[in-house]
Amino acid sequence: MCTGIRGVAEIPIADWRSITSLVAELKRCDQSGLITASIAMAFICIDSLANLARPTQASKVTRADFKAWVDKYLKAHDEQPYKYRGKDVYAARCAFLHTYGSEAELHTQDTDIKKFAYHNGGMHNYNPQIDPSLVIIGTRSFVNDVIIAIESFIEECGSNSDLKIRVEQRLIGFLHEVPISQ
């Protein structure tokens with residue numbers, strides 16, 4: 001058992017409920033129609049899980065870890081006109097979280113990186129003949145795709161003992177919902 005914070009109820013070392021809580025928060029944002037919060041939570045989920053999956057010897061998560069996680073786990077539905085790429089999603093994350101916009105410095109460094117705009121629907125809108133640099137992301141689909149990616153990641157943890165060990169060791173640093181003793 002690990003106490004984490006002095007005076008707070010003990011948390012088991014490998015408490016996977018913290019991932020479940022993170023996903024539940026993402027779902028609550030989406031179900032409440034909070035587009036901005038949903039997008040932010042989706043990027044937080046990806047960042048957090050990329051951190052859990054980072055290589056054993058790495059002391060912190062990197063841009064490469066984020067992109068690798070996206071490329072491996074984040075998949076768009078077959079009918080979607082745009083398929084996620086790690087470099088696009090990472091640049092979109094930077095643009096959204098750092099400038100609350102669609103363009104980050106990465107977009108000027110690599111013109112192949114797509115800019116994301118967002119709408120509250122399900123289908124992404126991407127037409128490279130009209131504008132090859134812009135994807136309009138359906139937030140509902142993005143949230144759903146992130147949740148499915150997290151499920152795939154957790155499934156892999158069940159079959160990949162090295163990944164499972166890394167994740168369990170790092171879950172200690174995750175935020176945990178714990179009752180406060182009165």
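User: Let's start with Lys27. Which helix does Lys27 lie in?
Analyst: This is a predicted model, so take the picture as a computed one. In it, Lys27 belongs to helix H1. That stretch covers residues 17-31, and its name is H1.

User: Is Lys27 buried, partly exposed or exposed?
Analyst: The relative accessibility of Lys27 comes out at 36%. Buried would need a value under 20% and exposed one over 50%. Lys27 sits between those limits, so it counts as partly exposed.

User: How far apart in space are Lys27 and Ala42?
Analyst: Along the sequence, 15 residues separate Lys27 and Ala42. Going from C-alpha to C-alpha, the distance between Lys27 and Ala42 in space is 9.5 Å.

User: How are H1 and H6 oriented to each other, roughly parallel or roughly antiparallel?
Analyst: Helix H6 spans residues 139-159, and H1 packs with it at an angle of about 165°, the axes being 10 Å apart. Anything over 145 degrees falls in one class. H1 and H6 are therefore roughly antiparallel.

User: Which residues of H6 make the contact with H1, and is the crossing left-handed or right-handed?
Analyst: H1 brings Ile19, Val23, Leu26, Lys27, Asp30 and Gln31 to the contact. From H6 come Arg140, Val143, Val146, Ile147, Ile150 and Ile154. As for the handedness, the crossing of H1 and H6 is left-handed.

User: How many nonpolar residues does the contact of H1 with H6 have?
Analyst: Sorted by class, the contact of H1 with H6 includes one polar and three charged residues. The nonpolar residues there number eight.

User: What about H3 and H6: are they roughly parallel or roughly perpendicular?
Analyst: Helix H3, residues 63-73, packs with H6 at an angle of about 95°, with 9 Å between the axes. Angles from 65 to 115 degrees share one class. That makes H3, relative to H6, roughly perpendicular.

User: Which residues in H3 meet H6?
Analyst: On the H6 side, the partners are Ala149, Ile150, Ser152, Phe153 and Glu156. By class, this contact of H3 with H6 has five nonpolar, one polar and two charged residues. The H3 side consists of Trp69, Lys72 and Tyr73.

User: Are the rings of Tyr73 and Phe153 stacked or edge-to-face?
Analyst: Tyr73 in helix H3 and Phe153 in helix H6 are 80 residues apart, so to speak linking distant parts of the chain. Their ring centres lie 5.4 Å apart, with the planes at 90°. Planes over 60 degrees apart have their own label. The pair of Tyr73 and Phe153 is therefore edge-to-face.

User: Where is Lys114, and is Lys114 buried or exposed?
Analyst: Lys114 is placed in the loop between helix H5 (105-109) and strand S1 (115-119). Leaving out residues up to four places away in sequence, Lys114 touches several others, among them Tyr82, Asp88 and Tyr126. Its relative accessible area is 11%, so Lys114 is buried.

Key:
Residues are numbered from 1 along each chain as its sequence is written. This is a predicted model: local features need pLDDT of at least 70, side-chain atom pairs count only at pLDDT 80 or more; totals for chains, interfaces and linings use all residues. Side-chain values use heavy atoms; hydrogens and water are left out. Axes are lines fitted to C-alpha atoms, for helices over the stretch in contact, and angles run from 0 to 180 degrees between N-to-C directions. Helices (H or I, at least four residues) and strands (E, at least two) are DSSP runs, numbered from the N terminus. Angles under 35 degrees count as roughly parallel, over 145 as roughly antiparallel, 65 to 115 as roughly perpendicular and the rest as oblique. A crossing is left-handed if the near helix is turned anticlockwise from the far one by less than a right angle, and right-handed if clockwise. Contact means heavy atoms within 4.5 Å. Ala, Val, Leu, Ile, Met, Phe, Trp, Tyr, Cys and Pro count as nonpolar, Asp, Glu, Lys and Arg as charged, and the others, Gly among them, as polar. Buried means under 20% relative accessible area, exposed over 50%, partly exposed in between (1.4 Å probe, protein chains only). Rings of Phe, Tyr and Trp (its six-membered ring) pair if their centres lie within 6.5 Å; planes under 30 degrees apart count as stacked, over 60 as edge-to-face and the rest as tilted.
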